[in-house]
Amino acid sequence: MSFVPALHAEWIKIRTLRPLLGALAAVLVATVAFSALATADTDGTDPLFSVFFGINFGQIAAIAFGTTAVASEFRGGALRLTLSAVPDRGRWFAAKAAAIALPALAVGLLTGFVTLLVGRAALGASAPGWSDGVRGAVGCGLHLTLMALFAAGLAAVLRSAVATLSVLIPFLLIVSFVVGDLSGSAADFLPDRAGQVALHSTWDGALGPWSGLAVSALWAAAALAAGGWSVRRRDA
Amino acid sequence: MTSIDVRNLTKEHGGRRAVDRLTFRVRPGRVTGFLGPNGAGKSTTLRLVLGLERPTAGTATIGGHPYPRLREPLRRVGALLDAGAAHGSRTARDHLLALAASNRLPARRVDAVLAETGLAPVARRRVRTYSLGMRQRLGIAAALLGDPEVVLLDEPANGLDPEGIVWIRALLRRLAAEGRTVLVSSHLMGETAAFADHLLILGRGRLLADTPVREFIHARVRPHVRVRTTDPAALGALLARHGLDASRDEDGTWTVRHARVDDLGRLMSEAGVPVLELSAREATLEEAYLDLTAAEAEFTAQPQET
């Protein structure tokens, strides 16, 4: 049996669950809205991040999306029904990850370009150039996708939306905000910090825009590998 | 013909044996009742058969193959395990459409099972608005989605209203008559007796009986006769004279064991004892089951500290 039917089923599950559609809408709305607010109060030192500041809020919605999509399988015996239809657990989890990644990437890229257009309009003369801007928009889409996948992998390990969000949200809001200001340290390698380098006009840490996204991708891959291992090994 | 074969199946949960060296075969063309008290290991056994849990030892196969090896398994095997498996925010139809897509089943199968389970009028409502009985029907619809040869249902009558219980009985009988292999777990004796041809009885993870329902009841419970009369003294004397094992209940009814209505009626008529009531009492599955578990307890009971 091929991968496509399992992916099709997982895609139906995502598009028919309103909280998931709400989370995707929130990625767009939160990123654009908070970015637009931030452009009103910018000192002009980092025009690109002034445009994409709202991603700090949008990524929380992306995390909620990835978490909810996976955690919904761990309630009421849903996973048992799912795995009785697709007993190859590795294939099922890959299908789930793909069904999360594709809409997250689509919405993430849309969010990136809408944010860029809004930001350029708001900043006028001090706006970032197009080449920086497009890099930021694509980076925004990739970063949001990777955050959703990172959360998805963690949710498969923890098997609960509450547990996953209890780990990730404080981590993003507190640890990363506080430690993240100490640039040039190990904090640069935290999943959300690393991916966001792509959204800055300049950077002075060890990571550049693409190497930063690669580090985020490694985090996501590690979380998904742990999640896949957990799904395969544990009784459903 | 597809049988379920379980051999020496054992599952330990944290040192406790939930399923203990089970060996049985579930055959097609009849309804097999999987009976036992809560916690006897019925659900664990079903999860092991479906490959959802890994056995500590032993094997479970369907038509000779371990379940996880089946291609598009919903076309071969349908199972109801948890009535809560459908997400409350999804509609019943969307829930089934996702399941159908995973095994490349056409959308018309979704509409067919919704109609069959009586959910068609509410198919586009969110599952959150469903009663337990409706969720149970949705779980059964999911089990029937792939028109499978093997149907496994865990406590399907849970939460069903009386109409639903009559419906599920007829459904199970029909599935078996169509030659399918039907395994239905329950902790309710009366319910199981109403639909099962064959019984697997489980107690503390072990197989206590694997037998046709009729045979099981007849081997375990002797029939008896209920008698009521206006002249208890004459009846008592009559029964004593013929050496019949009888006792008088508080409401004045007599219970005569190891007797037949035909014999007792003639005796009473000849002796001129007035008859108000004379009826054979069918032994029930419940009595047979209690007899079995009482016998089992004698063997398994550990001496208590004194």
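Predicted model: local features only at pLDDT ≥ 70, side-chain atom pairs only at ≥ 80, totals over all residues.

1. Once its neighbours within four places in sequence are left aside, A:Glu10 is in contact with A:Glu73, A:Thr82, A:Trp92, A:Ala95, A:Lys96 and A:Ala99.

2. Which side chain meets that of A:Glu10 in a salt bridge of 2.7 Å, N to O? The partner is A:Lys96, and both A:Lys96 and A:Glu10 are buried. Because A:Lys96 lies in helix α6 (residues 89-123) of chain A while A:Glu10 lies in helix α1 of chain A, the pair ties together parts that are 86 residues apart in sequence.

3. A:Glu10 also forms a salt bridge with A:Lys13, where the closest N and O atoms are 3.1 Å apart. These two residues are three apart in helix α1 of chain A, and are therefore separated by about one helical turn. An α-helix has 3.6 residues a turn, so residues three or four places apart point the same way. A:Lys13 counts as buried with a relative accessible area of 11%, which is under the 20% cut-off used for that class.

4. Turning to chain B, the record of secondary structure runs to ten helices and 13 strands. The C-alpha atoms of chain B fill a box of roughly 75 × 50 × 40 Å when taken along the principal axes, and of its 306 residues 51% count as buried. Among the contacts in chain B with a separation of 6 or more, 69% come from residues 24 or more positions apart.

5. Helix α1 (residues 42-49) of chain B is largely enclosed by the rest of the structure, because seven of its eight residues are buried. The buried residues are B:Lys42, B:Thr44, B:Thr45, B:Leu46, B:Arg47, B:Leu48 and B:Val49, a list that a reader may wish to check for its Lys and Arg members. The helix is followed by B:Gly51, whose phi is positive, near 70 degrees.

6. Strand β5 (residues 77-80) of chain B is covered on both faces, with B:Val77 and B:Ala79 buried on one side and B:Gly78 and B:Leu80 buried on the other. In a regular strand the side chains alternate between the two faces of the sheet. The pairing of β5(B) with strand β6 (residues 150-154) of chain B is in the parallel sense and extends over four bridges, and within β6(B) the bridge partner of B:Ala79 is B:Leu152.

7. Is B:Gly118 in a loop or in a helix of chain B? B:Gly118 lies in the loop between α3 (107-116) and α4 (132-144) of chain B, where the residue is partly exposed, with a relative accessible area of 48%. The C-alpha atoms of B:Gly118 and B:Leu132, which are 14 residues apart along the chain, are separated by 14 Å.

8. Over all chains the structure holds 28 salt bridges. Within chain B, one of them joins B:Asp20 and B:Arg21, with the closest N and O atoms 3.0 Å apart; B:Asp20 is buried at a relative accessible area of 12%, whereas B:Arg21 is exposed at 52%. Elsewhere, B:Glu116, B:Asp147, B:Arg174, B:Glu178 and B:Arg180 are linked in a network of salt bridges.

9. At the interface, 30 residues of chain B are in contact with 28 residues of chain A. The area buried between the two chains is about 2,500 Å², of which carbon and sulfur atoms give 57%. B:Leu52, B:His87 and B:Arg90 supply 23% of the area that chain B buries against chain A, more than any other three residues.

10. How many salt bridges are counted between chain B and chain A? The count is two, and a salt bridge of 2.7 Å, N to O, is formed where the side chains of A:Asp235 and B:Lys11 meet. The rule also finds 13 residue pairs in polar contact across this interface, both residues being at pLDDT 80 or more. On the side of chain B that touches chain A, helix α2 (residues 92-102) of chain B gives the most, with seven residues, and the residues of that side divide into eleven nonpolar, eight polar and eleven charged.

Definitions and conventions
Residues numbered from 1 in each chain as written. Chains lettered and ligands numbered in written order. Heavy atoms only, no water. Contact = heavy atoms within 4.5 Å. Buried area = accessible area lost by both parts, 1.4 Å probe. Salt bridge = Lys/Arg side-chain N within 4 Å of Asp/Glu carboxyl O. Polar contact = N/O pair within 3.5 Å; in protein donor to acceptor, adjacent residues only side chain to side chain. Nonpolar A, V, L, I, M, F, W, Y, C, P; charged D, E, K, R; others polar. Buried < 20%, exposed > 50% of the residue type's maximum accessible area, 1.4 Å probe, protein only. Pairing = 2+ DSSP bridges.
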